[in-house]
Amino acid sequence: DDRIAYSDSTGYQYVQLPAGVNEIVLQAKVWRTAAGQGNDLQYLLISAGSQSYTAFRSRVNETAWQEVHYDLTHLAGQRIRVLFGAFNTGGEGRVAMYVDDAAIYACTGGTATPTPAASPSPTASPVQGMPLYLPILQRPGAAGPETTPTVTPTPGPSCTEAVVNGGFEANGGWTMPTTARPARYASERVWQGSRSLRLGIPPGGGNARTDSTAYQWVNLPADAATITLTAHVWRGGGSSGDFHYIWVTAGGKTDRLLQGMQDARRWQEVTYDLTPLAGQRIFLLLGTFNDGVGGPAVMYVDEVSIQACPPNVTPTPPTPTPTPTATPIYAPPATVTSPDFGANAFLWWRPEIAERDLTLMKAAGFRWVRQSFMWEDMEQHGKGQFTWENADRVVQQVNASGLSLLARLGTDPARDNFWAGAPPDSLEDFVDFVAALARRYNCTPEAVGCIQAYQVWNEPNLAREWGGHRPNPRQYVTMLGQVYAAIKTANPNAIVITAGMAPTGTDNAEAMPDVTFYREMYRAMGGDSDGYFDLLGVHGAGFAAPPETDPAEAASNPAFGGHRFFSFRHVEDIRAIMVANGDHDKRMAVLEFGWTSDPVNPEYYWHGAGAGIDEFVKADYLKRAYIWAAEHWQP
């Protein structure tokens, strides 16, 4: 099919790299073609934990097989994901990529280096339709000639299944507690076979406040190299107080693999890595909670599997039964390196200025652009009366530039005649607006465009940003959770970021200290941020202090303001709050930072021109701030 479309075509595999080897090298042969002009890309990305590495990410038209080498030695002992892809923006150009003979060589002893096989001639036809297979090939470093390893897997140990009756075709394995609407085996909606498990209340079943659950204790083998849970879920109905969930508990800690409300009405796959729990006995809980208000919620679950695999063996998923409902193909999550770099822009009104600024940002090496999407600019005349013209143009213009887009969601506090009013009273209407926006730009081939990440509101610790009301972290967390669910329903791969708070120590009806607001947010979330955000947003204004200034020095020096928040590194104070609440695995997004050279406004003069900040000092401080982040804020 040679139609031009906005699309990401990807293939990936998880690979466990062995420890205790001298060298690990990824090799593959790629055939890359490009036609026309545009920002389309072919890429090879490797990720391990929270780190991502780029083997190549470019637009190449080379109609011949080329060999790619990438050193993975520094990732020895880790589980990595290898992702090949070709991204097309839907513009006038297009790209494609063929991949063949992909392999990872782990070499032991001496300084042996894998010997590549001979490359086919440039006239060879690309092999199409071949599965991507990345074997680990252990090769000793003995002297003498080496033979070329084959990519054909050698039969060996297989994975073992840890779940009993995961397909629900029998009647054992699961405990289903008696509730007002208990879990039941069902045949009206299945992924594979003749039965599934129904949790919740199907349409017409009569609503009630109740939990519908099924659980099973599972022993995970200690000697497994990888342990992977997969399940297929069909989620429907429900109101704002209902939610579907899949939880795993081990050692007193619960991981919420899935929690929230989604009226998807299609089968979706859930995958979760349980390898860190090897050797433990886990409690696997499936459930749906109905609050008895509004429409009832139901979830069907089928083919629940936990496969424990020895080294170099990948779990084999069951072959799905075809269903008449097509599953949307979402673009993969945008890559967020650590650190990563972006800039704020004002692209809304003048396309030629937007084009100029996007070109400058791309040339400067930025990878992200943050643009405000003000609610009243798109739904200004009444509920459901959308005006998408500027939004469509901005999203498509950013997509064509090759930059990733972070949409700042909110309202303009200077406008006081908006039909929906101000937060928190406008919450329900705001969530509906975000849902419509996220569906429109959900990064599927059918979408108008792609928004990769969303920031939910801005500086709600200031009354002027919260409808004139006293800042209320609990109300903001309520908004955050509902908006998170709306965005993830439209695009599960979108990144959701909290608002950044204004750095301040003022605590009255007009403002709340940022550190207090963040702490109270975690209190409102019950100490568990899952289901609320993917990255924590922060603001890091430098005021009068150089970027390297320790917050303690800013607090002790009146010239710097006399408080910790008068420093760029105050974001480290916020990071400490995250770690104290168990979020050491989540990262931060510094959404705004910088210095002003204002020579007039008395509120800014003292830390602007009055502190010796001019355009040259500002440029120097910005550069030094990036260097500090790169050297000290990892990952």
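Residues are numbered from 1 along each chain as its sequence is written, and side-chain values use heavy atoms, without hydrogens or water. In this predicted model, local features need pLDDT of at least 70 and side-chain atom pairs count only at pLDDT 80 or more, while totals for chains, interfaces and linings use all residues.

**Disulfides**

The structure holds two disulfides (a pair of cysteine sulfur atoms within 2.5 Å).

| Disulfide | S to S distance | Angle about the S-S bond | Hand |
|---|---|---|---|
| Cys159 and Cys309 | 2.0 Å | 110° | right-handed |
| Cys443 and Cys450 | 2.0 Å | 80° | right-handed |

The Cys159 and Cys309 pair links distant parts of the chain, 150 residues apart. Cys159 lies in the loop between strand 8 (136-140) and strand 9 (160-161), and Cys309 in strand 18. Strands are DSSP runs (E, at least two residues), numbered from the N terminus. With the bonded cysteines numbered in sequence order, the pairing is 1-2, 3-4.

Cys159 and Cys309 are both buried. So are Cys443 and Cys450. Buried means under 20% relative accessible area (1.4 Å probe, protein chains only). Cys107 is also buried, with a relative accessible area of 1%.

**Ser305**

Strand 18 (residues 297-309) also holds Ser305. Ser305 is buried, at 7% relative accessible area. Its side chain makes a polar contact with the side chain of Glu161, at 2.6 Å. A polar contact is a pair of N or O atoms within 3.5 Å; within protein, one must be able to donate a hydrogen and the other to accept it, and residues adjacent in sequence count only if both atoms are side-chain atoms. Leaving aside neighbours within four places in sequence, Ser305 is in contact (heavy atoms within 4.5 Å) with Glu161, Val163, Thr228, Leu229 and Thr230.

Technical notes
Helices (H or I, at least four residues) and strands (E, at least two) are DSSP runs, numbered from the N terminus. Buried means under 20% relative accessible area, exposed over 50%, partly exposed in between (1.4 Å probe, protein chains only).
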